[in-house]
Amino acid sequence: SEGLDYKMMGKFFAGLAQSGAWCCFDEFNRIDIEVLSVIAQQIRTIKSALDAEAQRFMFEGRDIKLNRSLGFFVTMNPGYAGRVELPDNLKSLFRPIAMMIPDYALIAEIMLFSEGFEAAKELSRKLVNLYKLSNEQLSRQDHYDFGMRAVKSVLVMAGKLKRVHGELREDLVLIRSLRDSNLPKFVAEDVPLFEAILADLFPGVELAEPDYGLLIEHVDAALQARGLQVVPSQVKKVIQLQETMNVRHGVMLVGPSGGGKTTTWQTLAAAMCSLQRADVTGPFKRVETFC
């Protein structure tokens, strides 16, 4: 990460040189360019000792032993924002290996089969096309992700939905997981575009809105208790936050000042506590906040 400095990296390299372990530094070019220049000198020092077949060598002012089985490996994504180009003196110390983009459709097909889908081949192609078209047609936002991580999260959610709602058709299960995973993170102008792409890929398929029942009632009551108007779009965001938290380990609310982020999570917390006190069956637990 950007927080690594040359002293910390020096401790890494000293430990690797003495233990003979292999280490892979992921996203190596996120480190600041000034630190990378010093790292190049540290690695060159170790390489010179290896070339000389030394038993011990001086590293960062200390005399340490050298285990010849050590290995350094790095991964990097040159085109990403916040990444830097490796300095030439560092690049020359590594042997480059080019990687290819994986076959998303094949990965999705195998994962759908493993989740119990029979029409995995057809659904995987539609899923990959949906993300490809979304990436091309939707607006550019920092929090949008249409890569493999997003595909995997949708497939995992689809598997959970299939196990809970075994009576639903497989295409409906996938559509619901796609909507639940993506709609909460889209800005308003991108929602109709995404819905249109979804309708083109799954023509004639109508998905009934799930019944949130008591959750909607308690959300409305929580808003009114705070002296706020019950606005359908605000209620929908509260429901989307609850659904997202059911399938994600961590959730971040993003948006402009005054956009309703604080109101959304505080309303959901109040509604969850109210449902728990009413002893309603479901994933409703008392919410504690730590600021």
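This is a predicted model: local features need pLDDT of at least 70, side-chain atom pairs count only at pLDDT 80 or more; totals for chains, interfaces and linings use all residues.
**Exercise 1.** Work out why phenylalanine 186 and phenylalanine 194 count as buried, and classify their ring pair.

*Solution.* Recall that buried means under 20% relative accessible area. Phenylalanine 186 has 5% relative accessibility, so it counts as buried. Phenylalanine 194 has 1%, so it is buried too. Now for the rings: the centres lie 4.9 Å apart with the planes at 55°, so this pair is tilted.

**Exercise 2.** Explore the largest nonpolar core: which residues touch the most other members, and which helix gives the most residues?

*Solution.* This core has 30 residues, and Leu127, Tyr131, Leu178 and Phe202 touch the most other members. Then check the elements: α4, α5, α6, α7 and α8 each give two or more residues. The top contributor is α6, with 7 residues. To zoom in, take phenylalanine 202: leaving out residues up to four places away in sequence, its contacts are Leu123, Lys126, Asp171, Leu174, Ile175 and Leu178.

**Exercise 3.** Find which rings the charged ends of lysine 162 and lysine 185 sit over.

*Solution.* For lysine 162, go to the ring of phenylalanine 117, whose centre is 5.3 Å from the charged end. For lysine 185, the ring belongs to phenylalanine 146, with a distance of 5.7 Å to its centre.

Methods: Residues are numbered from 1 along each chain as its sequence is written. Side-chain values use heavy atoms; hydrogens and water are left out. A nonpolar core is a set of buried Ala, Val, Leu, Ile, Met, Phe, Trp, Tyr and Cys residues joined through side-chain atoms within 4.5 Å. Buried means under 20% relative accessible area, exposed over 50%, partly exposed in between (1.4 Å probe, protein chains only). Helices (H or I, at least four residues) and strands (E, at least two) are DSSP runs, numbered from the N terminus. Contact means heavy atoms within 4.5 Å. Rings of Phe, Tyr and Trp (its six-membered ring) pair if their centres lie within 6.5 Å; planes under 30 degrees apart count as stacked, over 60 as edge-to-face and the rest as tilted. A charge sits over a ring if NZ of Lys or CZ of Arg is within 6 Å of the ring centre and within 35 degrees of the ring normal.
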